[in-house]
Amino acid sequence: MEIFWYLSIAIVLAVFFILDGYDFGTGIIHLFLAKEEKDKEVIAKSAGLFWDSNEVWLVAAGGMLFMAFPTFYASVFSGFYLPLIIVLWLIIFRAIGLEFRSQFKFQMWKDIWDASFGVSSLLLALFFGIALGNVVRGVNLGGVENGISEYEAHYFFLPLWDSSFSPLSKTPGVIDWFTIIIGLISVVTLAIHGANWIILKTNSSINAKLKRVIFNLNIVLAALTIFSLLIWQTVNPNCFDNFSEKPYLILFPIVYVTGLIGLFFIKKMKKDVHGFILSTLLIVGGITSSLASLFPVLLPSINTINEPLTIYNTATSEYGLSVALNWGIIGFVLLFVYMIIQKRLMGGKIDNMDYGH
Amino acid sequence: MEDMLFYDRLQFAFTITFHYIFPQLTMGLSLLIVYFKGKYLLNKIEKYNDAAKFFMKIFAVNFTMGVVTGIPMEFQFGTNWAKYSELTGGIIGQTLAMEGMFSFFLESSFLALFIFGEKLMGQKLHFLTGFLVFLGSWASGWFILSTNAWMQHPVGYEILDNGKYVLENFSALFSNPWLLPAFLHNQLASVVTSSFVVASIGAFYILRNKQIEYGKLFLKTGVVFGLVSSLLVAFPTGDWNAKNVAKYQPASFAAMEGIFETEEAGAEIVLIGQPNMVEKKLDNKIAVPNILSFLTYQEWDRQIPGMDKFKKEELPDNIPALYYSYHIMVGLGTIFIGVMALALFFLWRKKLYTLKPLLWTIMFLVPFPYIANLTGWYTAELGRQPYLVYGLLRTSEGISPTVSSGNTLFTLLGFVALYMLLGLLFLVLVGKTINEGPKHKTH
């Protein structure tokens, strides 16, 4: 039952990063590459029409995590207090940027909200990557100092950074050189994903240029990926154990690598959707590989005194998990039905759509 | 420790207060939108359709605000109330996760379709999307209220040896005797807010001599919905809730009614008075004898325990705030009934549209249903103190053990600044939409 909810939450999270991921990526591309007002408008719209129904996946993931693994939810949300609240603020700036840009016609107003949308999207992509880096690296559970736990074994508090900026420090912060690298991988991946979304959903004048951009970003991504793999084991020595014990888990990294290799052929692709599918594979593969390397651990402990948080020591009762299964299945079916209805009615290029006004 | 608790409570109170400005409008307004759109399907008069689309624009701005201020609420359970989340997440996580899954998705998916899809879908499907938005927003209220009902009157749980609360009976969460009255009261109160908003915009158009046709429609609809909902908020749902408080939280009941000393037989109802916490009495009191006993138990001489019957640790920690919140809510509710009844009378006599003093009153009354809704919630939440889960888990036991008060103060100040900006933008946008009016076509 724990495994079922773990998988469900992983799926919901992956869907969130696929869907809202393209919004973040669209924001990054918008920030750096959209120059003409016509492009800016349609690119903002390609995120603006969908961000709120995409963001509900985050709310759903949060709710399910709260219900199924309350101890994990409590520990992680209070431990990552500052970065989480900053993420909340960025989410607000992203949303109001998208919603308010077209409310007044003068350029300065639009520029302000474009910047709000773009910068907060960039920072959100970075922060989500950094968050993943933190989960992979682990934290000082129990706040151990000189061999003594300062808090209960499953609580911790992370400063934004530790003066050494090293993941190998005994009290690492949220930001260190390892998590920054994972953050950059996230930014590049989502920028590629966003660019694919823009190509798929719009006729913007920069579409041809975006294919070159994707190609170049993909080179950067490949380099970052290889580099991160080299240091990954230094940061988390057990990270490859799961893959050698259960070889079928290799599937997840293969998904990632397929996306990565496939995107090198972006310039030759005839159908716009192919690029988007490949960057989706990148996201799915990246998240699932990271989670698979940890399973069943949810948050490693970097000290030897306190046990890591796992799906077993943080879950609620068996009854709670199984009763939630009943409504969970109905809920999932409904979610996919809504998604299909929405995609069917709002498919196609944004520029060609008739809003009915 | 004291500081931490104070800042955590202040931050939650501030962010939830600001958040609840928006859903209280969208829940009620979605009902009125369904009414306008349904009426259009029946009578094919274009202005009803325009009204539905106009208010959906206002709905959309409020919805965006509700979403971006709502996510911090979900997060705060973990960030600031980690111990509470850890102990009770197995129970309240159920209803909160269901809210995300069943209502939030419904609302956000179909809102976009309602706004952009009228031509695409045809009128009947357009009505259906509007109805689904309404269903989603009311379902959201249902799940939030069921979460709150569990905190007010915990049911269906089991406490493990390690202090954790786990679910023992899922359906008990929804058959909780606290839930239905609280839900109906809350939803009807949100209809009051939106009726006043609709009526107020109508009055504004008439007074400005602009978009008169819509002004009359809005005013008429707002007044009818406003009177019906104001009456239902007071009776039976308000009455029903008060009886629940008297039954399940007698200490809170004594505090909110301002009963310092138990009377031998029959408690008086306090209309006005100021709690004097030093001398433990009400100053400048105006009260009617025996009415409270009658309203609560339909017995004139029934004794109602006052605050002297309870230990200090069982009484709410801020009695004046609770007392004032409750009395402001009740007082405003009474005024709403009066004004709306008057307006309906003049509507019937066909004088309302030219009766300027009443139009001005209706226009400027619009902040007060918001205040009444919020003070109603303050009554519920202050009344639950000093507990998070009534009678079981104290508020001081629920905060995050690792988050220092300095961090919470920092984020609180950040929220205050950011929400001021949000509030300003919100007013500009809603003002702009109202100023353009339903006739205005864009895009």
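## Tyr323 of chain B

B:Tyr323 lies in helix α12 (residues 319-348) of chain B; helices (H or I, at least four residues) and strands (E, at least two) are DSSP runs, numbered from the N terminus. The model is predicted: local features need pLDDT of at least 70, side-chain atom pairs count only at pLDDT 80 or more, and totals for chains, interfaces and linings use all residues. Residues are numbered from 1 along each chain as its sequence is written, while chains are lettered from A and ligands numbered from 1 in the order in which they are written.

B:Tyr323 is buried, with 23 other C-beta atoms within 10 Å. A residue is buried if 20 or more other C-beta atoms lie within 10 Å of its own, exposed if 12 or fewer, and partly exposed in between, with C-beta atoms placed from the backbone. Not counting residues up to four places away in sequence, B:Tyr323 touches B:Ala255, B:Met256, B:Gly258 and B:Pro275; contact requires C-beta atoms, placed from the backbone, within 7 Å. B:Phe260 is 63 residues from B:Tyr323 in sequence and 11 Å away in space, C-alpha to C-alpha.

## A hairpin in chain B

Strands β3 (residues 269-276) and β4 (residues 281-288) of chain B pair in the antiparallel sense over six bridges, where pairing requires at least two DSSP bridges between the strands. B:Gln274 has B:Asp283 of β4(B) as its bridge partner. Four residues stand between the strands of this hairpin, in which B:Lys280 takes a positive phi near 55 degrees.

## Chain A

Chain A contains 12 helices and four strands. Its C-alpha trace spans about 60 × 45 × 40 Å along the principal axes. Buried residues make up 55% of its 357 residues. Of the contacts in chain A with a separation of 6 or more, 73% join residues 24 or more positions apart.

## Interface and core

The contact takes 55 residues from chain B and 55 residues from chain A. On the side of chain B that touches chain A, α4(B) supplies the largest share, 22 residues. By class, this side has 27 nonpolar, 19 polar and nine charged residues; Ala, Val, Leu, Ile, Met, Phe, Trp, Tyr, Cys and Pro count as nonpolar, Asp, Glu, Lys and Arg as charged, and the others, Gly among them, as polar.

The largest nonpolar core has 250 residues, and A:Ala61, A:Met64 and B:Phe55 have the most contacts inside it. Such a core is a set of buried Ala, Val, Leu, Ile, Met, Phe, Trp, Tyr and Cys residues joined through C-beta atoms within 7 Å.

Conventions. Contact = placed C-beta atoms within 7 Å.
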